[in-house]
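Here is a short report on how one protein chain folds up. Look at the sequence and the model first, then read on.

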Amino acid sequence: MGEKRHVLARLAYWQHRLGIQPWRVTVNAVAGPHIRQSDEETTLCRIERNPDDLSAVLHVALGRAPDELDNDICHECLHLLLGETNTLVQMLAGRLGAEARRLAQDQWRDVEERLVSMLQRALTPDT
Ligand SMILES: [Zn+2]
């Protein structure tokens with residue numbers, strides 16, 4: 001599968017470029033057209049982080065333009081880069097009451113997504 005090889009090569013590139021080689025990332029390449037995010041949502045790419053042992057699973061839908069695929073891989077690698085910050089936020093949020101915890105986690109999710117999107121746009125060519 002040439003496309004999966006392409007994904008692995010780009011993943012190695014971004015891990016090196018972002019200095020996140022310690023993460024062991026397994027690729028789950030799906031033929032497409034999308035992957036499941038939750039019961040209601042689908043997406044084209046997502047990453048599951050396990051900061052306890054620095055492992056992750058990159059779920060990626062294939063059958064797309066190489067540039068688009070690359071932007072998504074970069075994007076998900078940036079989520080790994082923020083893995084430590086996410087762990088810290090989750091730990092602190094865990095000390096709050098239920099309502100404040102939910103608020104803190106929602107706010108952080110938005111901030112992380114915005115930050116990752118901004119960095120990805122800065123790092124990848126316009127498509
Ligand atoms: Zn994201």
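Leu11 touches Val25, Val27, Leu58 and Ile73, leaving aside residues up to four places away in sequence. Touching, or contact, means that two C-beta atoms, placed from the backbone, lie within 7 Å. The model is predicted: local features need pLDDT of at least 70, side-chain atom pairs count only at pLDDT 80 or more, and totals for chains, interfaces and linings use all residues. Residues are numbered from 1 along each chain as its sequence is written.

**The core.** Leu11 is among the residues with the most contacts inside the largest nonpolar core, along with Ala56, Leu58, Ile73 and Cys77. This core has 16 residues. A nonpolar core is a set of buried Ala, Val, Leu, Ile, Met, Phe, Trp, Tyr and Cys residues joined through C-beta atoms within 7 Å. Buried means that 20 or more other C-beta atoms lie within 10 Å of a residue's own; exposed means 12 or fewer, and partly exposed is in between. In soluble globular proteins, nonpolar side chains tend to be buried together.

Which elements give two or more residues to this core? They are listed here.

| Element | Residues |
|---|---|
| helix 1 | 2-18 |
| strand 4 | 45-50 |
| strand 5 | 55-61 |
| helix 2 | 66-81 |

Helices (H or I, at least four residues) and strands (E, at least two) are DSSP runs, numbered from the N terminus. Helix 2 gives the largest share of the core, six residues.

**Helix 2.** This helix is mostly covered, with 12 of its 16 residues buried. Ile73 and Cys77 are among them. Their cover includes helix 1, strand 4, strand 5, helix 3 (83-93) and helix 4 (98-123).

Three strands form an open sheet in the order 1-5-4, with mixed pairing. Strand 1 (24-30) and strand 4 are the edge strands, each pairing on one side only. Two strands pair if DSSP finds at least two bridges between them. Strand 1 and strand 5 pair in the parallel sense over seven bridges. Val30 has Ala61, in strand 5, as its bridge partner.

**A loop residue.** Leu54 sits in the loop between strand 4 and strand 5. Its phi is positive, about 50°, although Leu54 is not a glycine. Leu54 counts as partly exposed because it has 16 C-beta neighbours inside 10 Å.
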